[in-house]
Amino acid sequence: MGTPRSSRQSLVMSARANLAAALSRWLGNGLLLAITSVAAIGVLFILFFIARDAVPFFQLRGFKEFFTSTHWYPSQEPVEFGALSIFVGSGLVTLGAALVAAPLGVAAALCLSDVLPFGVRQAVKPVIEMLAAIPSVAYGFFALVVFAPWLQRLGAITGTNALNVSIILGIMALPTVVSVSEDALQAVGRELREGSYALGATRAETLLRTIVPAASSGILAAVLLGIMRALGETMVVWMASGNAAQIPDPWFNFLEPVRTLTATIAGDMGEADHVTGSARYHVLFAMGLCLLLFCFACNLISEWVVSIQRRKLKGE
Amino acid sequence: MSPATQDGRTGVDTGLGDRFKPSNVASGREDVPPLHDILEQTEAHVATRDFSIFYRDNEAVKKITMEIPMRLVTAIIGPSGCGKSTLLRAINRMNDLIPGCHTTGEMRFDGQDIYDKKIDVAILRRRVGMVFQKPNPFPKSIYDNVAYGPRLHGITRHSRLDEIVQRSLVQAALWEEVKDRLDTNGLGLSGGQQQRLCLARALAVDPEILLMDEPTSALDPRATTRIEDLIGELRGSYTIIIVTHNMQQAARVSDLTAFLYEGVLVEYGPTKQLFTKPREKQTEDYITGRFG
Amino acid sequence: MGMKARNLLDRLFSGVGVLAIVVMGLALVLILAPIFSRGAGAYIFKATVEHRRMLLERFERGNAEALAAEAEAVREARAPVYAMLARYAAEDLAGLSGREKREARQRLEEVEDILQELFGPMPGAATPVLPRQQYGATRWDRAEVKLDRLLYVETWDYSDSGSMGQQVLKPRREEFAGTALEPLFGYVETHLEAMLRPEWTFYWGFLTDSSFDAHIFGGIWPELVGTIYLTLGAMVFAVPLGIVSAIYFAEYAQEGRLVSLLRTCVSTLAGVPSIVFGLFGLAFFINTMHVSRSKSVLAGSLTLGMLILPTVIRAAEEAIRAVPHSYKEAAVGLGAGRWRTVVTVILPAALPGILTGTVISMGRAAGETAPIIFTAAVSVGKVLSPWETLTQPTPALSWNIYNLCTEHEAVDEIRHVQFGMAATLVLAVLLLNLVAIIMRARISNKLKG
């Protein structure tokens, strides 16, 4: 009868070893959590520090002028900080970008997920990745140095206008729209498609009547994320929007130059950063805060929308 | 080279003489002693009492009480989903990896309740090795695969590691095939070789118990035979607990067989008896292929 | 609806989808083609003798003897020009007086200025202060533009008040009809090659030379090094933090309120506009933490690091989750603890995936401009030593592309530098992405076996 190997390590830990193990496990977990929190808390830090420098502006100047006036004269006495035209400018180019990116992106996503054969899809993927990878300053450079003269040759009075920026921003937002909505379309699953085809529906009917409605919230999230990208983009609008703080006449005249929040921050900080504490400095943070809050809202809505779709597909 | 000579285990007397060689079972001799005789003559290595396993609220293994004898081969059979793998993985607490899994009752190994708070799981798993359903070598060299366990437990000297790697590979009957390419990737081996590598990896930490979770289900018949032969060779040196859905395999390799159905231990006894004269109707239905 | 109509609609629908993709591809080509084709002009162009003289004098590169011989030949070819100028001054100008003389002198000075831009300072004149006046046209394409300006006077015709002014080109020769200078224009036009000796050149120094006189001469080395510093700095902060966070999310976190809150925070961080990162970097790292007195590579790297952190976390978590569960089981089955399993088995297996994500975020960090405007970038600067990065700002490719094409005093003079910079940056970023794509393909092949 083989004796149980007495030289074996005992299974039972001593009280001290037990405590040490528990402690190190606890510490390790805590440390990991702490490090992870640094990444996560970053976003709260951003919110706090932008807000901290934005609040003095509202204390100094109030809300009314900032949101309702179109008189933007930050550098000449008496200073005026009416940012309405800048908000309109941001809105206009974002709208334009959405008009370019949404139909094009959703159509491309439908084509990628349901029309093209696998091999072609693999070939298209790098195109999307390259569009996403090109740095924004290169897009801006293209918009200013190549695209603006083209537009001018086509008859626009100035090539650096809302149209130029809208098109380029639309192209920049395309990869986001395409890949997120393609994911949403893929998530719908084969059963639904097969069910529709089995009833004799054509591909277009299947997609438009069955798949797109099922994936609609995901597609909405994709468009929202694309809009976020366009709204938050700086270099292209700074370089190619013309930077005129005015509301186009009529408001949808894309051929006029506009000025956006991001470009104003980028352009004015150079003159303002030496005078921290002035309204001139804080107004830029106020604009940053508005951008940030809008992006938070977009992000949360898109996450919420996606979770709704996930639940719907699960049948809950 | 006989695998057992390496650590002088040859001739360890199991106390049962030749009566429980697997071949005896297969040869159809009738003199099978009843279960309590076996358990009296050998020590119980693992013993459970009213042992249940839950996935959240779902009781996957229900109040099992059984004793598994030392240095014999015990097979656990049953239809898929009956909880046999769950039970096996409870023996070295692999179920800890699954969130929401908890147990009640007792599971004793070497007389110690392994679900006690004070248990060092690392030492438990070192003493209770495991071979999985699909061969799962690490994407490392053959040598590093086998040396992984010993290194984990603090062995760093090269000569000692070399020795352990060789012994383990010899025991797993893989040494001759790989001794010239120990530094190549373990994933480059064939399926059967990979599974033997995994066996060697488990043996390298010198365990007392080997848990095998359907170790041949992903292998071809030839590789299966090799693994079964190996089980026969390791029998007597290790306590082997094997889960299989293949009843022929259970009959070929094991001394004792437990039949699980829907989480309940229906019947447990010497393999020969269970397969020829089952006491329970459910067992008979299962082994004659009426369900499962 | 009839079957025919339905099929037609179906075709139409597919057509629209394919069209969308074609438009996407076309956009990519339309954007990249001018950047790359004109960007190549910064490296490969017809360089004149002035370029070779500049290289020898400023960077001590080139064959001094050959250049001396060339200079001699060029001087001979240019001599008639200067002779004509001297004769004009002596004969024609001397005969004029009063307003006429003033106007003639003005016209002459215009010609002399253009000639200086073409050939450098006149023989015997004092060496000018600005480098751009010390050398003539270094590039043949610029020389041709200047030749046009020499040959034609640009005037504007406003006679049609209904439209914008029309540009009218008048031969400059007419201004000097009947004088000693009249033959100069024909001579320069026909002998320009002999006077500048253009040769096709591959100017690798564009990448490795410093620039001087506001980028009119030299290359983009300081910008390139600045970009590398900023990118590596961002990686140093983001990669370890990102991998640890990914490990936590993938292996340790038990799904619950706290973890889902953390996840939301990370995904929100990914949606923060890049300019807001710049504001934050200024307000937090510089004005609050005082990591440096003003802009510095360090502050810029920290800001960029935060920007790419969500990308790194997402990529690393995906890579860790892609590691087969069986590896983990095997390690745990041998008695490895959770941390040991992660370090010895999971991370090595996930490494290629993590690297892929890292390389892509490197491309992102290299190309970002908005976050470094207030935290790290300056328009002109020298190459920093590693320890200077803690306190000094740096030029960087992305920022200088913006800067050179919007705020430079002679935007048209240095188009080739702008395009060269843009092409270099885009190429570097795309190469990083290509590396990532290849790595990903190899990983998926490996997983397939």
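Mentor: In this predicted model, the centres of domain 1 of chain C and domain 2 of chain C, taken over C-alpha atoms, are separated by 50 Å. Domain 1 covers 47–200 and domain 2 covers 221–448, with bounds that come from an automatic or database domain assignment. Four residues from domain 1 of chain C and four residues from domain 2 of chain C make up the contact, where contact means heavy atoms within 4.5 Å.

Before going further, the conventions: residues are numbered from 1 along each chain as its sequence is written, and chains are lettered from A, ligands numbered from 1, in the order in which they are written. Local features need pLDDT of at least 70 and side-chain atom pairs count only at pLDDT 80 or more, while totals for chains, interfaces and linings use all residues; side-chain values use heavy atoms, with hydrogens and water left out.

Back to the two domains. They bury about 380 Å² between them, and carbon and sulfur atoms give 32% of that; buried area is the accessible area (1.4 Å probe) that two parts lose on being put together, summed over both. On the side of domain 1 of chain C, 86% of the area buried against domain 2 of chain C is supplied by C:R132, C:R139 and C:R142, more than by any other three residues. There are three salt bridges across this interface, a salt bridge being a side-chain nitrogen of Lys or Arg within 4 Å of a carboxyl oxygen of Asp or Glu. C:R142 forms a salt bridge with C:E413, and their closest N and O atoms are 3.0 Å apart.

C:D213 touches C:L130, C:P131 and C:R132, not counting residues up to four places away in sequence. C:D213 lies in the loop between β5 (211–212) and β6 (217–218) of chain C; helices (H or I, at least four residues) and strands (E, at least two) are DSSP runs, numbered from the N terminus. C:D213 counts as buried because its relative accessibility is 14%, and buried means under 20% relative accessible area, exposed over 50%, partly exposed in between (1.4 Å probe, protein chains only).

Next, the partners. With chain A, the contact takes 77 residues from chain C and 76 residues from chain A. Chain C and chain A bury about 6400 Å², 82% of it on carbon and sulfur atoms. The residues of chain C that lose the most area to chain A are C:F13, C:M24 and C:I31, together 11% of what that side buries. Two salt bridges are counted between chain C and chain A. A:E129 forms a salt bridge with C:R440, with the closest N and O atoms 3.0 Å apart. Helix α1 (residues 3–40) of chain C gives the most to the side that touches chain A, with 22 residues. By class, that side of chain C has 54 nonpolar, 18 polar and five charged residues.

With chain B, 16 residues of chain C are in contact with 23 residues of chain B. The area buried between chain B and chain C is about 1600 Å², with 65% on carbon and sulfur atoms. Of what chain B buries against chain C, B:L97, B:Y148 and B:L152 supply 32%, more than any other three residues. One salt bridge is found across this interface: B:R89 pairs with C:E329, the closest N and O atoms being 2.3 Å apart. Six residue pairs are in polar contact between chain B and chain C, both residues at pLDDT 80 or more. In chain B, α4 (121–127), α5 (142–152) and α8 (191–203) are the elements that give two or more residues to the side touching chain C. α5(B) gives the most, with four residues.

Conventions:
A polar contact is a pair of N or O atoms within 3.5 Å; within protein, one must be able to donate a hydrogen and the other to accept it, and residues adjacent in sequence count only if both atoms are side-chain atoms. Ala, Val, Leu, Ile, Met, Phe, Trp, Tyr, Cys and Pro count as nonpolar, Asp, Glu, Lys and Arg as charged, and the others, Gly among them, as polar.
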